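Please look at the model below before reading on. My notes follow as numbered points.

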Amino acid sequence: MVRSPGRVNLIGDHTDYNDGFVLPMAIEQAVWIAAEPRTDKRLELESLLTKAEISADLDDLTKTATWADYVTGVASEFVSAGLPLSGWNGVVASDLPAGAGLSSSAALELASARVFAEMANVPWEPVSMAQLAQRAENTWVGANVGIMDQLISACGQADTALLIDCRSLDGSAVAVPPDVAVVVIDSGTRRGLVDSEYNERRSTCEEVARLGGVTALRDLDMDGLDSIRSELTELQFRRARHVINENAVTVKVAELLPAGDFDEVGRLMDESHASLRDDFEISTPAMDELVSRARSADGVHGARMTGGGFGGSAVALVDREAAERFAIEIPQVFRERTGNDAHGFVAKASAGTSARWQ
Ligand code: ADP
Ligand code: MG
């Protein structure tokens, strides 16, 4: 049995592929796979969530444009990395809603990677496995995602968020003090076919970095961006401004949160949401409504959309004693007003990918 968790990102969205900083925590909700070895090189896997099956020959992997690609993509990257593969039967269970911005895809990739590793006696190296899973999502699924989701699913730590430098891949623990809680609200709205929007944002960022003569937007500050403004379209300028501001506030929040400055953290979360909405243009009217309702509730310091965007989940920093009630009431009000199947929970930081065999 293997387990790999989802995650919630407190702040720092669309900074990872710009070599910047992110501040996620792995959560209790996770993908689980129960597996047994086979004597041949086939993969037979059933998902209890999607009621769908994968039946694949590991010597002849093909893309299917279904959920199978998250698993067979990992197998294919094992081959590219020169790692051995052997066959197995398995069942996938999950209490992570798929497509909710809580990174069910990376959890599925890392859980699969862990099974493939165990079955062929490949030593488990969390960081390099996260990179392998990212390559699977980039090349096999076709989503040009950064490293955050895979890294936090593989390397999450119990009881703490992590500030991750997506250039060095170093992570440092950022404690969430006991007087506040991180609350996640799944808006119940799902992103559709938006991989192209994501990939387009990424290439715009890379183009601005190129025009600025730097490796990545992480290397540019607002003065640097202003100095090349005349070479940029208005759209390029706004996209880059989001990344540069977001990167700076992520580092700030990582200092202010453990120090207990919740009002300032909340203010920066609110600003981050505005930046994602106005400069990066990846929020939705439903998400904006959810975030503004969350913000006006009692005991809330700040709220923002979290994850890749275009629907999914919001994250809020809430006084501990108000958190449980907030996690029930805000989704309820939102459900009644919009008809979206929203749900909330108080997030608890959990450990990364693990295995338990018997
Ligand atoms: P997110 O990572 O935010 O949940 P993605 O769009 O990146 O959203 O990934 C969601 C996809 O991952 C689903 O459409 C599905 O293909 C796959 N997936 C996630 N969890 C499962 C599961 N338990 N069983 C089968 N497929 C899953
Ligand atoms: Mg995903």
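1. In helix 4, the buried residues are Met-148, Asp-149, Gln-150, Leu-151, Ile-152, Ser-153 and Ala-154. Buried means under 20% relative accessible area, exposed over 50%, partly exposed in between (1.4 Å probe, protein chains only). Helices (H or I, at least four residues) and strands (E, at least two) are DSSP runs, numbered from the N terminus. Helix 4 covers residues 148-155, and seven of its eight residues are buried, so it is largely enclosed by the rest of the structure.

2. Basis: this is a predicted model, where local features need pLDDT of at least 70, side-chain atom pairs count only at pLDDT 80 or more, and totals for chains, interfaces and linings use all residues. Residues are numbered from 1 along each chain as its sequence is written, chains are lettered from A and ligands numbered from 1 in the order in which they are written, and side-chain values use heavy atoms, leaving out hydrogens and water.

3. What do the buried residues of helix 4 pack against? The partners are strand 1 (2-9), strand 2 (21-22), strand 3 (24-37), helix 2 (104-119), helix 3 (126-141) and strand 7 (161-165). Contact means heavy atoms within 4.5 Å.

4. The largest pocket has a volume of about 1000 Å³. A pocket is an open set of points on a 1 Å grid over the protein atoms alone, where a 1.4 Å probe fits, with protein on both sides within 12 Å along at least five of seven lines; lining residues have an atom within 4 Å of a point. A volume is the space filled by probe spheres set on the points.

5. The lining of the largest pocket has 45 residues, with Tyr-70, Gly-99, Ser-105, Glu-137 and Arg-191 nearest the centre. Elements giving two or more residues to this lining are helix 1 (68-80), strand 6 (88-94), helix 2, helix 3, helix 4 and helix 5 (195-211). Domain 1 (2-169) and domain 2 (175-347) both contribute, so the largest pocket lies between them. Those bounds come from an automatic or database domain assignment.

6. The second largest pocket holds about 210 Å³. Its lining has 13 residues; closest to the centre are Met-25, Arg-320, Ala-347, Lys-348 and Ala-349. Strand 9 (residues 180-186) gives the largest share, three residues. Domain 1 and domain 2 both line the second largest pocket, so it too lies between them.

7. Asn-18 sits in the loop between strand 1 and strand 2. Is Asn-18 buried or exposed? Its relative accessibility is 3%, so Asn-18 counts as buried.
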